[in-house]
Amino acid sequence: MFNDIYNLIKKYQKIRIARHIGADPDAVGSTMSLKNSILLTFPDKDVKLLGTGSNRFSYFGKFDKCEEIEDNTLLIVCDTPDIKRIDGVLDINKFSDVIKIDHHPFIEKFKNDSLEYIDVMSSSASEIVLKLINETPLLMDEEIASEIFWGIISDTNRFMFNNSSPETFHLVGDLIKKYHLNINKLYEPLYLRPLEEIRLEGYIACNMEITENGVGYIKITDKMLEEFKTDAAAPGNMIGNFNYIDKVYVWIFVTEDVKNENYRISIRSRGPIINKVAEKYHGGGHNYASGARITDVSEIDLLIKELDEVLEKYLKKEKDGENNEN
Ligand code: AMP
């Protein structure tokens, strides 16, 4: 499959690379590294990133300002399982060929003949791009290695999540060694945060409610975001820091997003599988890291209740020694 992807990349002069809306470091890392690797290998190709840029990820370098070009163009989409969440693509059928590189559970095929490399066991889309580069004539340099490093480190939360396989450790170890990556230097832009965000994190820790079974949740209004001088993306960025709280197995951040006129939901679990519930509430994601967007306020409490019920069943099975979810 990697060779088929490489051959398609080689064939096209015009290539556009897209990621999911609401980008995170893996979405940016996988697309940016792939773009730079293609350009390093084939300097004359016209390769650009689609989607909106973000100041938050300025350490990755420049985003492209690019209109969607459809004629004789290859589209590569990383880290995105469904068409509606691709950032910057209006009509996928207008691209001549489409490649998907993803580690989310399968939702839909992008085109009848699209080439789709999906590995749900992979820690991140960036890990797949790393393997693609390692196993084909695509080239790598220190900049590309750093972008891949950020993507993997972020999606595994520094190898803490159970999506980190022995292969992930090997691949990252080799990357650090071969490209002399200074990991302390690389951690800084990834983890440096404004004081306002830390204060918001303190507020969440003090005010998170916990259900009887151990679902932690907090609702953050636009007014609170204003008070903390931060935005609707901030709570989702700190949700990983609430892992390993004793007796809290599932935690949910509900953030009012005035700009998009809905509520942004981030859900994490260190027990039950949560993405099936997220899917019922216009969302989705991974087994233990999911998200959703809710417009109808009354659905928020229903979502929390449903996750609480899923957790209750999980804990009962756990007690009876019947769990095979992990
Ligand atoms: P987040 O909490 O935003 O970091 O999202 C965690 C995971 O859930 C990511 O893998 C996202 O791709 C997925 N996700 C987040 N929001 C949505 C959504 N509205 N629809 C489908 N999947 C989502």
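**View A. Helix 4 passes helix 5 in a left-handed crossing.** A crossing is called left-handed if the near helix is turned anticlockwise from the far one by less than a right angle, and right-handed if clockwise. The model is predicted: local features need pLDDT of at least 70 and side-chain atom pairs count only at pLDDT 80 or more, whereas totals for chains, interfaces and linings use all residues. Residues are numbered from 1 along each chain as its sequence is written, and side-chain values use heavy atoms, with hydrogens and water left out. Helix 4 (residues 142–155) packs against helix 5 (residues 166–178) at an angle of about 150°, and their axes are 10 Å apart. Helix 4 is therefore roughly antiparallel to helix 5. Angles under 35 degrees count as roughly parallel, over 145 as roughly antiparallel, 65 to 115 as roughly perpendicular and the rest as oblique. Axes are lines fitted to C-alpha atoms, for helices over the stretch in contact, and angles run from 0 to 180 degrees between N-to-C directions. Helices (H or I, at least four residues) and strands (E, at least two) are DSSP runs, numbered from the N terminus.

**View B. Helix 3 and helix 5 meet in a left-handed crossing.** Helix 3 (residues 125–135) packs with helix 5 at an angle of about 60°, with the axes 11 Å apart. Helix 3 is therefore oblique to helix 5.

**View C. Helix 4 and helix 6 form a right-handed crossing.** The angle between helix 4 and helix 6 (residues 183–191) is about 60°, and their axes lie 11 Å apart. Helix 4 is thus oblique to helix 6.

**View D. Strand 11 contributes the largest share of the shell around the ligand, five residues.** At least two shell residues come from each of strand 9 (262–269), strand 10 (283–285) and strand 11 (289–294). Among the 14 residues around the ligand, H104, S266, R268, H286 and G291 come nearest; a residue is near a molecule if one of its heavy atoms lies within 4 Å of it. The shell comprises two nonpolar, nine polar and three charged residues.

View E. For the side chain of R85, an N or O atom is 3.2 Å from an oxygen atom of the ligand. The protein covers 83% of the 480 Å² of accessible area (Shrake-Rupley method, 1.4 Å probe) that the ligand has on its own.

How values were computed:
Polar contact = N/O pair within 3.5 Å; in protein donor to acceptor, adjacent residues only side chain to side chain. Nonpolar A, V, L, I, M, F, W, Y, C, P; charged D, E, K, R; others polar.
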